[in-house]
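This report describes a predicted model from its chains to its contacts. The sequence and structure are shown first.

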Amino acid sequence: MAIFKKGSAAPSNADTTANAAATPDKQQPWKELGLKEDEYARIREILGRRPTSAELAMYSVMWSEHCSYKSSKIYLRQFGEKVTPEMQKHLMVGMGENAGVVDIGEGWAVTFKVESHNHPSYIEPFQGAATGVGGIVRDILTMGARPIAVMDQLRFGDVSNPDTARVVHGVVSGISFYGNCLGLPNIGGETVFDKVYQGNPLVNALSVGALRHEDLKLAKASNPGDQVILFGARTGADGIGGVSVLASETFDADGPSRRPAVQVGDPFAEKVLIECCLELYAADVVAGIQDLGGAGLSCATSELASNGQAGMRVQLRNVLLRDESLTPEEILMSESQERMMAIVPKRDVAAFKKIVDKWEVEYSVLGEVIREPRLYINWGEEEIVNVPPRTVAHDGPVYERPVAYPAWIDALNADSSSRLARATDAAALAEQIIEVVSSPNQASKDWITNQYDHYVGGNTALAMPDDGGMVRVSEETGLGIAIATDANGRYGQLDPYAGAQLALAEAYRNVAVTGATPMAVTNCLNFGSPENPEVMWQFKQATAGLADGCLALGIPVTGGNVSFYNQTGDVAIHPTPVVGVLGVIDDVARRIPSGWQDEGHNLYLLGTTRDELDGSVWAGVIHDHLGGKPPVVDLAFEMQLAQALNAASEQGLLASAHDLSEGGLAQALVEGVLRFGVGARVWLDEIKQVGNVDDTAALFSESTGRVLVSVGREDDVKFVGLCEARGIPVLRIGVTDGSADTAHLEIQGLASWTIDSLRSSHKATLPALFG
Amino acid sequence: MPKIIFEVMPKADLLDPAGKAVNNALHRNGHNDISNVRIGKRIELHFDRAVTDADMAAAQKIGEDFLSNAVIEDVVSVTVEN
Amino acid sequence: MRIGVVTFPGTLDDRDAQRAVRIAGGEAVALWHADADLHKVDAVVLPGGFSFGDYLRCGAIAAQAPVMESIIKAANGGLPVLGICNGFQVLVESHLLPGGLIRNDVQTFVCRDQKLVVENVDTPWTNEFALGQEITIPLKNGEGGYIADAETLKRLEGEGLVAFRYKDFNPNGSLNDIAGLRNERGNVVGLMPHPEHAVEAGFGPDTSVAMRSGVDGLGFFKSVLNSVVNA
């Protein structure tokens, strides 16, 4: 029996509630729609009869993994439980809403979130990535904020596999196309190539918005009589079945098993929608608002009603269609982009209409809010949906999936990098440095990021290649925010608990080196199939690591996203929890660049270098090795370090600050000289002595809690004093030296390179592969 | 449904970067006998009734003044489908 | 000094252009595409973005807007008009400037800090610069390739109507490295790069002095305020 009948939707074909009550034994395609037998039984129990086709469609989509978080809920709870009142001090809206909202002072608030659009980006990279950007921006807009920036975190397969280029080109142009057309500066992100992502690329998109406290909007419908208005693009066949079918099932080893309609985005429509919504908010004519993303109308109606503890009466025939042949079920499941649902008090409807007309945005009144907590949807005169909204939107299934300690992990952890051969002569070490900094993951990402607008808005204070993006929020005072995102799948594979904490520590440190104070966290948890107990173990570990880490650092998780089923056949991706940290700075004029521009400054390395090469870029690039245990993370020290950096920045002591991470000191030094083309002369002796490490470890160790800073001669004493007083190990390791024609990076006793040659090695890789 | 159909092509002597890119891609895929590619647009105007001579006369002007930019494009055909 | 800044649906850099006007010392007046009234402004800026989604051709639909009818008329009467990026595309579609703008030869969107040479200082938008001055202005576009037939190019070069030329690097394949033009009268100037993104220290291009300290774009806005005062 066809699930979706094409052709004219004559009233007599609709499966009404009356019909459902009268035909309890009718066979329904609950399995094809992705529901389990017990879930179908539960729906029947909730309704006291079999569901209608439309109700079945709604439940199947809303109870899918992507929408209901059924496999992850029990673990995500930790983010709300492992918090102190101190951590929640600045939190205006926590998890569970479209995006978290943080008070940043001066009456300003900031909302931010990161989300995934992984599976669609493998099927149709351009539209998958484009609509990923569109979706997260709408989430920000829905909170009452003007979106002010975007970032993206991308993971692709091996560079030598021809399919990788297909995905890379599509994804990068999709993000460029959509983000640029919206007028949002792209201020940072990351790109990683690893064969584990070959059939499962990861496309995570982050957006941040700013709003005045009083402009905060929530997605709830609470007042009976308020009108329910759908506005924006017309509804078509986009992504029908996309959510439950695509994200909740993995791909076969031979390729995608189904190709449903992917969503197609129109960024111009969304730009117009942004300006239109901001005017609606300013006019205060909207009581509640929700954007339509995954699960489209099913989600918007049920969530608005459920959040408001009220109900809704909806006339589905009023939905403006792009395709008149859509059936009611298809209309409910459509994921056509650039649509919003507003709850508008009757007295404000005329003003609402005036504003949407000005922007030539289409709209239709679908119905109204009612007191009874019930969602009634009619197709003409026939009732096709009659459900308690809470059961659709919030009381979905909660699984406690089996968890199993991986059989392979002990052997992996025992296989330390210490058995790998290390170079001892200068020439070989120098060659390894070039190999590392020119490897695809460590090379310059300019080829990608030059396709993004960084300037629009005129408020970008920091963007790539600096460690975090920074945007000014208040033109009057310079108040601004900084954001950094990080994840390391290799560390995650070795130890998911530590891997999550390492990602958090790195993002936290990346915010601190900009001069901002870290305040809040968002996350996008990319994992394999939850039906695989070993993956569930990884997920359990990672969420615990992240929750414990946030508690230790005193910054709360404000929201995020889970993407499961990132696997092809039996092979899951590495656990890749992307962690985003938001920080605040009182005046963006104080921001710190990641590289030095002045000659004759001293270079200091803060923190302690240990021999920690397991899971490192060196191990991967030089030896194609992954094994051992990731670097130790010391969150208490990261806090101390961040506070020291903040104090130093406030006193104007730091000319530049760059955190050390993948690629270790070698990477940081090369990036430091390339940032403005000013050279440096450094020595490794003290690092080796103090840490009792060899050259390889000094250059490539990925020990945490380390920052490379440049300080003017006149500030030396004060700066070193500040570090020592705060218990921050500080070593002078070099001086900045030479610019333009004579600039070199010299590592004493090892090698010397001209800036030009370093630049060619670092910048040539991606254009050669993908240009 | 009655339609007036326009074909708009970039002017012959001007650069067509999209055509060039497609040409190169075809050559990379082994179609070396294709000597050039040019990419234009097909624009359809739909009517609820039959197309008249007056419509066609108006269409000429619409094609030249709005649907194409005479500096960089030529309207190479205007046809009716009734 | 009232400088109008037009907003079409899809315009992106209008608020930045308004800020640039304010920083230069003028009063920015927001002009709506559907309103033919120019509200007595002394000059007009057509900012960057993707007006009407770049549908049909970049700037093609915007050129038909009610406000453009008034602007074309006023420009023919001598009103200073500056078209930036999409604004340049609108000027070309409105036939206030000759030639056309097509997709970048590199086929991708390009965002970079671009060196330009100022080749004409006899306009209300460039009188603050010195002839031959090198400036650095952010460039960010996907359809910035300037084209014109041989005859037009000859005339432009011959009559000194090229206002800006790309230096060191041509980012989009523009013929003769043309980055911007002026009309015969000099009151209408169009260019692909974005001066409004180089007006405030801390948010412009990097310079050898400090990160993001470039403010070469301010010259455009100071120029027009000079010429309005002296008009």
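## Basis of the description

A residue counts as buried if 20 or more other C-beta atoms lie within 10 Å of its own, as exposed if 12 or fewer do, and as partly exposed in between, with C-beta atoms placed from the backbone. By this criterion, 63% of the 771 residues of chain A are buried.

The model is predicted: local features need pLDDT of at least 70, side-chain atom pairs count only at pLDDT 80 or more, and totals for chains, interfaces and linings use all residues. Residues are numbered from 1 along each chain as its sequence is written, while chains are lettered from A and ligands numbered from 1 in the order in which they are written.

## Chain A as a whole

Chain A has 28 helices and 28 strands (DSSP runs numbered from the N terminus: helices are H or I of at least four residues, strands E of at least two). The C-alpha trace spans about 85 × 55 × 45 Å along its principal axes.

Two residues are in contact if their C-beta atoms, placed from the backbone, lie within 7 Å. Of the contacts in chain A with a separation of 6 or more, 85% are between residues 24 or more positions apart.

## The surroundings of A:Val711

A:Val711 lies in strand 25 (residues 707-711) of chain A. It is classed as buried because it has 26 C-beta neighbours inside 10 Å. Beyond its neighbours within four places in sequence, A:Val711 has contacts that include A:His601, A:Tyr604, A:Leu654 and A:Phe719. A:Asn602 is also among these contacts; its C-alpha atom is 5.3 Å from that of A:Val711, although the two are 109 residues apart along the chain.

## Contacts between chains

Of the two pairs of chains in contact, A and C share the most contacts. This contact takes 26 residues from chain A and 23 residues from chain C. Helix 9 of chain A gives the most to the chain A side, with four residues. That side has eleven nonpolar, twelve polar and three charged residues (nonpolar: Ala, Val, Leu, Ile, Met, Phe, Trp, Tyr, Cys and Pro; charged: Asp, Glu, Lys and Arg; polar: the others, Gly among them).

The contact between chains C and B takes 13 residues from chain C and nine residues from chain B. Strand 5 (100-102) and strand 8 (145-147) of chain C each supply at least two residues of the chain C side. No contact joins chain A and chain B, whose closest C-alpha atoms lie 13 Å apart.
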